[in-house]
Amino acid sequence: MENDILKIENFYAYYGTICILQNINLRFTKNHAISILGPSGCGKTTLLRCINRMHELADDASIKGKILLSGKDIYDTEPMLIRRRIGMVFQKPNPFPTMNIYDNVIAGYKLNSIKLKRSESDKIVEESLIKADLWEQVRDNLYKRGTFLSGGQQQRLCIARALAMKPDILLLDEATASLDPKATSNIEKLINQLKHSITIIVVTHNIAQAARVSDYTAFLYSGELIEFGKTGDLFTIPKDKRTEEYLTGKFG
Amino acid sequence: MEKRLKVRQIKDKLFTVVMALFSIAIILPLFFIIFYIVRNGAVEIDWHFITSLPKPVGEIGGISNAIVGTTELIGIATLIAIPIALFTGIYMKEFEKSKLAAVVSSLTDLLQGVPSIVIGIVCYLWIVLPLRSFSLLSGSVALAIMMLPMIIKSTYHSLKLVPDSLKEASLALGTPYYRTVMKVIVPAASSGIITGIILSISRVAGETAPLLFTAFGNPFMNLNITKPVNSLPLLIFNYATSPFSDWQKQAWGASLILIIMVSALNLASKIMEHKWKTTY
């Protein structure tokens, strides 16, 4: 199972005494897009935040179980190192308002005081912006503030910022929820391009989006993993009745 | 029906007029203060007044020592107050739910209410008595203590406006917590923080009471922090209460200089706020 980049084993997550996730077991293969689907409050965002150890930032958060990144438990490693290897893009675009576009892309290095030669950082900025499909639009305005971009462009800037760290996995937490349909379809196109070179885990409550972008889909319901499989299989012949009902819009 | 509507419209008009009247009433005293000071002070001010030292009664002196003294007092006070207030403000925001932050917050409110003369006495006991001399240092510490609550509050409130999503963005890149605070959160709040600092400076620039038995006043130029120093408010106080009409006139001139300095700071804070404003 060399291809399993991420393995989640008997994983539980809590806020205080409230159990958010129960006994999650998942295996993600390298360089695919996986979507985590489920009604609001089912714990999908919590699962995503556990994968790069953002969950523990809440005061009363706790976890049980293992998440293995390339065979090594992320909860045995410094959270800062994990977060550099597992990038995250949030629901609302959040470029750093005090930085220009160039500095936003290279922010991961600057904030971690990783020294780069000018030519190296130029290269990383250009590559990341090209990957995020933003280069053509901002190449002449690299030194303008990132907050002047449109919502969709800001979100792609945030993707470029995450990609610049050359992470193994990219997490997208409802990254298109605050965007208009055009910008959403651009981001979806982007996910489809990127998934050949990086593992992407997408949390969404948009069923159609999961079908469009992901190779595998996990369906969560009230903290439990109900079903996991190839997106095509799960959407056409769901094994569990609850999955079927959710996909056909009976609840959620 | 018609009549009731008319009455309501009249009430509306009346309400607007009353608001406007009170707003004008607020401007009037300020206008008279400035008018008076400019009328009496402007004639006193010339190059000689600004650049030379006070002279005995009968000779025409200047107030250079007080201008330099006020600048020194404010400068050192700011250097003392900024780090303390900044870290306190950041702590209050970042650990808002902790007991310590709650205690510090209410003590900050309390400190803001302490009369400035009391702060002066405390600094007299703390610094003047042990060093056996009135000093620039003791005056600066007194002013710094007065600045603390203002800077702490403005820092706290500016930081509160920074959305949590920025902190998450930074942490998600693997940035250590202290660098996230210092490189992402504080810069995003910088315009509010700097505005607060400038306003606190302009607020203490005119303080006299805490300087009476700390900086004390000095007819000569002083650059030594262990020696007494003159300041504009002290000079104005001494000159205006003196029996000599020359000195009384010079007090007007000094008042105008002080007002110009404070207004310049206020203007700077406005420009800063506008120019450095961060949009999230």
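This is a predicted model: local features need pLDDT of at least 70, side-chain atom pairs count only at pLDDT 80 or more; totals for chains, interfaces and linings use all residues.
Helices (H or I, at least four residues) and strands (E, at least two) are DSSP runs numbered from the N terminus, and a residue is buried if 20 or more other C-beta atoms, placed from the backbone, lie within 10 Å of its own, exposed if 12 or fewer, and partly exposed in between. Residues are numbered from 1 along each chain as its sequence is written, while chains are lettered from A in the order in which they are written. Local features need pLDDT of at least 70 and side-chain atom pairs count only at pLDDT 80 or more, whereas totals for chains, interfaces and linings use all residues.

**Helix α3 of chain A**
- Nine of the 11 residues of this helix (residues 101-111) are buried, so α3(A) is largely enclosed by the rest of the structure.
- Among the buried residues are Ile101(A), Asp103(A), Asn104(A) and Lys110(A).
- Ser113(A), which follows α3(A), has a positive phi near 45 degrees.

- Leaving aside neighbours within four places in sequence, Leu171(A) is in contact (C-beta atoms, placed from the backbone, within 7 Å) with residues including Leu48(A), Ile86(A), Val89(A) and Ile201(A).

**Contact between the chains**
- In chain A, 20 residues are in contact with 19 residues of chain B, and α2(A) gives the most to the side of chain A that touches chain B, with four residues.
- By class, that side has 11 nonpolar, six polar and three charged residues, where Ala, Val, Leu, Ile, Met, Phe, Trp, Tyr, Cys and Pro count as nonpolar, Asp, Glu, Lys and Arg as charged, and the others, Gly among them, as polar.

**Positive phi in loops**
- Arg53(A), in the loop between α1 (44-51) and β4 (61-69) of chain A, has a positive phi of about 60 degrees although it is not a glycine, and Arg53(A) is buried, with 23 other C-beta atoms within 10 Å.
- Lys166(A), in the loop between α6 and β7 (169-173) of chain A, has a positive phi near 50 degrees and counts as partly exposed, with 14 C-beta neighbours inside 10 Å.

Conventions. Two residues are in contact if their C-beta atoms, placed from the backbone, lie within 7 Å.
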